[in-house]
Amino acid sequence: MKHSELIKLLGEMSLEEKIGQMCQLVPDFLGKTGELTGPLGHFVLNGNETKLLGSVLNANGAENVMKLQDEFMKNHPHNIPLLFMMDVINGYETIFPIPLAQGCSFEPELAKEGAQVASKEAAAEGIAVTFSPMADMVTDARWGRVMETPSEDKLLNYLFAKAMVEGYQGDDLTKKGNIGACIKHFAGYGAPEGGKEYYNCEISERTFMEDYLTGYKGAIDAGVTMAMTSFNSLNRIPSTANEWLMKKVLREQLGFDGVLISDWAAVGELVNHTIAQDEAQAAELSVNASVDIDMMTLCYSHNLSKLVEEGRITIEQIDECTLRILELKNKLGLFENPYKDASVEDEKKLILCDEHRQKARKAAAKTMVLLKNDDKILPLDLNKSTAFMGPYADNRQIYGAWSWVDNENAIKTVREIAGERNIKVSFAKGSTVLGAKNRVKSYTEQMTEQEENKLLEETIELAKCSEQVVLFVGEYRLQSGEASSRTDIELPKIQQKLIDEVSKVNDNVVLVVFAGRPLVLTDLLPKVKSVLYAWFPGTEGANALMDILTGEQSPSAKLSISFPRCSSQCPVSYRSFSTGRPSDANAEFNYASGYIDCPITPLLPFGYGLTYTDFEISKVTLSGNTMTENDTITATVTVTNTGGREGEQVVQLYVQDVKASVIRPTRELKAFKKIKLSAGESAQVELSVSEEMLRFYTRDMSFKSEKGLFRVYVGFDSTTDNFAEFSLV
Ligand code: NOJ
């Protein structure tokens, strides 16, 4: 449709129709009026509400979506198609590793490929927009949704959000297999006080502008079609009602011109936030903040017409919102093709097809981080008697919190994959995931303490007579994710006991950890020879894991988030600041920044991860020792694979602004390159630094660089001391 036709359509629509476009409900409402029953019982629908609806979330299945669309359009006065949206986060049915794991690949292209697979499957099922990517910056692993972000680092967040949007949307949304993306959650949701879910986030303007916005900007730079408001309040103003945040920052400063949707019920929640006295005021505040769609409340549909009548909001505001929504429908080609790509045939062809599974398997192998590997116990020597143990050795629930399309049968367990590959190993379950006394949502496995003890005894016996043991442990899949913040981010107690007991009787223990967040591994690391962090790797996780354990694939991932030493050390990040009293690891006791009972540094730093081979790096050299505003400086290192097999390494460049008008992080990731070298091979790696990379919010809040000395670190993780200096003149 031409823009002029859209304007004409808008002109013909009644106020009620326009308001309809601004409402989103689940499909249960379609064709219904009056009071609903069940969990949706508090919704009372008046007259035309569902007849004029603009969009639906969580309807899927080609046949179902096409039928809903047919019925709906028939009854709509202007036959405006519905827009179907859904949370397709790390895959639709072919589940990829959780976003945080994907960040560890340091390969945004991998995330792009995953997003392409997801969009093809979702599009075939009739979905036109996904509520992804999430780019909330998080440095506190207690927050449950840390699993949904690629990294604690703003550069990685930028690159991954951009890549994912490119993957979902392609270059033309009308093309088959491309769907719209929605950047979320705007903004600052990843910084709630103490990691408490949905809580207020106090972030200074400088930190917010400089660090927190970067990830969202990645998606906007890639042309993301939608943005979602966050549940939290930012500096005590709930995002959904924050006019400054949505109009000034999102739309003006970042240049976002797409559709802004509230998070689920977030408009109505403005009353709970205690900034709106009733639903009418909640609707008024949200429209004033330019929130185009109200997801899952009736605040807009019940109140907007009256608010216009009373002059509390204007018809121009309604028109603006409606036009943005119509424009999105048009971009997706829905006026010509209301089913978008829904196709029963494509569903059969694409969902969980071999190509998608292969890509998911590759991605999973590239996201598992090798944290320790003493005596090079990995890859496994399968000539030794080997036992696979632990609650995840034969468990399908390795797919993370957002994989809610029913796909468990598509997943094989580690035990099944070992069987398929004729790998000779013995098995013992060791323990349940959470133990008898734990109560976590949806967790059903029940065992008496007696049964648990028996299981443990059998497992210890097997460990005694095995030359080596691989222990598959981890969080329960819903211990991380939305509404799953924790004060204690250790492994469940029952599994800690299992590790203790097994490691007492066997010196050759490899730990494989499934998790949605960095867990505290401080006491566990010394007890075992090797730790492979598998995250929640998805549909092909067990296959990928076996590829790594057997050495068919080498681990190459690096931590995209710091691992704390204990839960109360959160938040922790490599981007720390100097203080007036810097901590000195060698001093016995002094008045230094930090704690008296725990070092200030993380247990495992950002950027860290081992491979099956060894690498050496030369001293970094710079192309010059001064740089002007229009120059770049090139940092060069030679990297050599000194080990016995091929491997990949991520060469990372960090910059420190040595003196500035405000304190600057002691180092910040500015560039990286992933290289592959065969045994004995060397390569020269060049990474550039430009003036633009040195900009920050200065003392007077202008975004620019300041002249002076800079230090450039190049190494294999964020603690490298390989540096050289230059001056910006
Ligand atoms: C709430 C979550 O915060 C958001 O990420 C998600 O997209 C919506 N629900 C819709 O399911």
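User: Between which domains does the second largest pocket lie?
Analyst: Quick heads-up: this is a predicted model. Residues of the pocket's lining come from two domains, one spanning 3–347 and the other 615–728. Since both contribute, the second largest pocket lies between domain 1 and domain 3.

User: OK, and how much space lies in that second largest pocket?
Analyst: Its lining is made up of 24 residues, and those nearest the centre are Thr214, Lys670, Glu692, Met693 and Phe703. The space in the second largest pocket comes to about 760 Å³.

User: Which helix gives the most to the lining of the second largest pocket?
Analyst: Three elements each supply at least two lining residues: helix H6 (154–169), helix H7 (205–221) and strand S24 (668–677). With 6 residues, the top contributor is H7.

User: How many residues of the lining of the second largest pocket are charged?
Analyst: Split by class, the lining has 12 nonpolar residues and 3 polar ones. That leaves the charged group, with a count of 9.

User: Moving on to the sheets: in the open sheet of 8 strands, which strands stand at the edges?
Analyst: The strand order reads S11-S8-S7-S6-S5-S4-S1-S12, and the pairing is parallel. An edge strand here has a single partner, so one of its sides has no neighbour in the sheet. That describes S11 (259–261) and S12 (294–295).

User: What angle does the direction of helix H12 make with that of S11?
Analyst: H12 covers residues 315–331 and packs on this sheet. The strands it touches are S5, S8 (226–229) and S11. Against the direction of S11, the helix sits at about 110°.

User: Now the open sheet of 6 strands: what is its average twist from one strand to the next?
Analyst: This sheet has mixed pairing, in the order S13-S18-S17-S16-S14-S15. At its edges are S13 (369–373) and S15 (426–428), each pairing on one side only. Going from one strand to the next, the twist averages 15°.

User: How many bridges join S16 to S17?
Analyst: S16 takes in residues 468–474 and S17 takes in 509–514, and the two run parallel. The number of bridges joining the two strands is 6.

User: And which helix packs on that sheet, touching S14, S16 and S17?
Analyst: Look at residues 493–505, whose helix direction makes about 170° with that of S16. The helix touching S14 (386–389), S16 and S17 is H17.

Methods:
Residues numbered from 1 in each chain as written. Predicted model: local features only at pLDDT ≥ 70, side-chain atom pairs only at ≥ 80, totals over all residues. Heavy atoms only, no water. Pairing = 2+ DSSP bridges. Helix = DSSP H or I, 4+ residues; strand = E, 2+ residues; numbered from the N terminus. Axes fitted to C-alpha atoms, helices over the stretch in contact; angles between N-to-C directions. Contact = heavy atoms within 4.5 Å. 1 Å grid on protein atoms, 1.4 Å probe; cavity = no way out; pocket = protein on both sides within 12 Å on 5 of 7 lines; lining within 4 Å. Points joined across faces, edges and corners; volume = space filled by probe spheres on them. Nonpolar A, V, L, I, M, F, W, Y, C, P; charged D, E, K, R; others polar. Domains from an automatic or database assignment.
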